[in-house]
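The sequence and structure come first.

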Amino acid sequence: MRAITARDREAGVSGPALEDLPHPHAAENDVIVRVHAAGFTRGELDWPATWTDRAGRDRTPSVPGHEVSGVVTELGYGTTGLSVGQRVFGLTDWARDGSLAEYVAVEARNLAPLPADVDHTVAAALPISGLTAWQGLFDHARLTTGQTVLVHGAAGGVGSIAVQLAREVGARVIGTGRAADRDTVLGLGADVFLALDADPWTAADQVDVVFDVIGGTVLERSAPLVRAGGTLVTIAHPPTVRPEDGRSVFFVVEPDRARLADLAQRLRDGRLEVRVGSVRPLSEAAAAFAPDRRVEGRTIVRVAED
């Protein structure tokens, strides 16, 4: 099969290349998915799990990409809950070969059924962003109706979904980003937009929750904005600051079949918009790790047609 591979950690974004690899093997409780569309994170070439397995052993050549949408073609021993020919989407394991390939082996529990009226390209943009937004807002920050949440990076993959989910639950939403993102973020349902490099942060003072995807000085400046008892949640890196009389939480997204199914239903109902910006064929996926221009929305790799 054809796949994007990473062999040289020192090569950075210039390293991934398209080549032929053996067809993946379905281990116990796995399924083999024929990939129709795949999502990836540009920063994953820096993740240790891209280069070593859970025991710390070198696993190159590794296949990047950890979001997949496709069709089940094979069941591993003991696999239940899915069937051959079924449309599915979800997350691939961080320390195994990923979705930038024609076929991928995935633990069945990491996948959810994909309704026939949801396009694979849209579905591939949902797992990491959708689950991260939900888990950050509700599992970790326990956001509820009537509270105020500050979402940094509100026009991005995670941030744009966080804005919509928070708005739906009845929270007041303040979104941040570049000045050019103002109309996009307000259109997603934010009550207030702050350009990080231009607007004063006074409108964001005393919020119940900060959801950060940026880190660094943005994260550090956010701690004093959280009122007593509030929560600062980040996916950027473990925080070195904590709100006074509040909590700081760093987390990595986890698979959740039931929540994926719920997010897919929100797509079908028109309650959730996933921002897909660029769709590239597998032959151009390696170049997508180092784009020559900023893309509005997620870049998705289209591997096969329906």
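## Glu284

Glu284 is partly exposed, its relative accessible area being 39%. The model is predicted. Glu284 sits in the loop that runs between strand 14 (276-281) and strand 15 (298-302). Along the chain, Glu284 and Glu28 are 256 residues apart, and their C-alpha atoms are separated by 33 Å.

## Trp94 and Gln86

Two loop residues on either side of strand 5 are taken together here. Trp94 belongs to the loop between strand 5 and strand 6 (103-107). With a relative accessible area of 24%, Trp94 is partly exposed, because that value falls between the 20% limit for buried and the 50% limit for exposed. Neighbours within four places in sequence aside, Trp94 is in contact with Trp47, Ala49, Arg59, His66, Ile128, Val252 and Val253. Val71 is 23 residues from Trp94 in sequence and 20 Å from Trp94 in space, C-alpha to C-alpha.

Gln86 is in the loop between strand 4 (67-75) and strand 5. Beyond its neighbours within four places in sequence, Gln86 is in contact with Gly70, Val71, Val72, Gly81 and Pro113.

## Helix 2 and helix 3

The axes of helix 2 (residues 127-140) and helix 3 (residues 157-168) come within 8 Å and cross at roughly 50 degrees. The two helices are therefore oblique to each other. Their crossing is right-handed.

On the helix 2 side, the contact is made by Ser129, Gly130, Thr132, Ala133, Trp134, Leu137 and Phe138. Helix 3 contributes Gly157, Val158, Ile161, Ala162, Leu165 and Ala166. By class, the contact residues are nine nonpolar, four polar and no charged.

In soluble globular proteins, nonpolar side chains tend to be buried together. The largest nonpolar core here has 48 residues, and Phe89, Leu126, Leu137, Leu143 and Val149 have the most contacts inside it. Elements giving two or more residues to this core are strand 5 (87-91), helix 2, strand 8 (148-151), helix 3, strand 10 (192-195), strand 11 (207-212) and helix 6 (257-269). A second, separate core has 29 residues, including Ala3, Leu21, Val106 and Ala108.

Which residues is Phe89 in contact with, leaving aside its neighbours within four places in sequence? They are Val68, Ser69, Asn110, Leu111, Ala112, Pro113, Leu114, Ala123, Leu126, Pro127, Leu260 and Ala264.

Key:
Residues numbered from 1 in each chain as written. Predicted model: local features only at pLDDT ≥ 70, side-chain atom pairs only at ≥ 80, totals over all residues. Heavy atoms only, no water. Axes fitted to C-alpha atoms, helices over the stretch in contact; angles between N-to-C directions. Helix = DSSP H or I, 4+ residues; strand = E, 2+ residues; numbered from the N terminus. Parallel < 35°, antiparallel > 145°, perpendicular 65-115°, else oblique. Left-handed = near helix turned anticlockwise from the far one by under 90°. Contact = heavy atoms within 4.5 Å. Nonpolar A, V, L, I, M, F, W, Y, C, P; charged D, E, K, R; others polar. Core = buried A, V, L, I, M, F, W, Y, C linked by side-chain atoms within 4.5 Å. Buried < 20%, exposed > 50% of the residue type's maximum accessible area, 1.4 Å probe, protein only.
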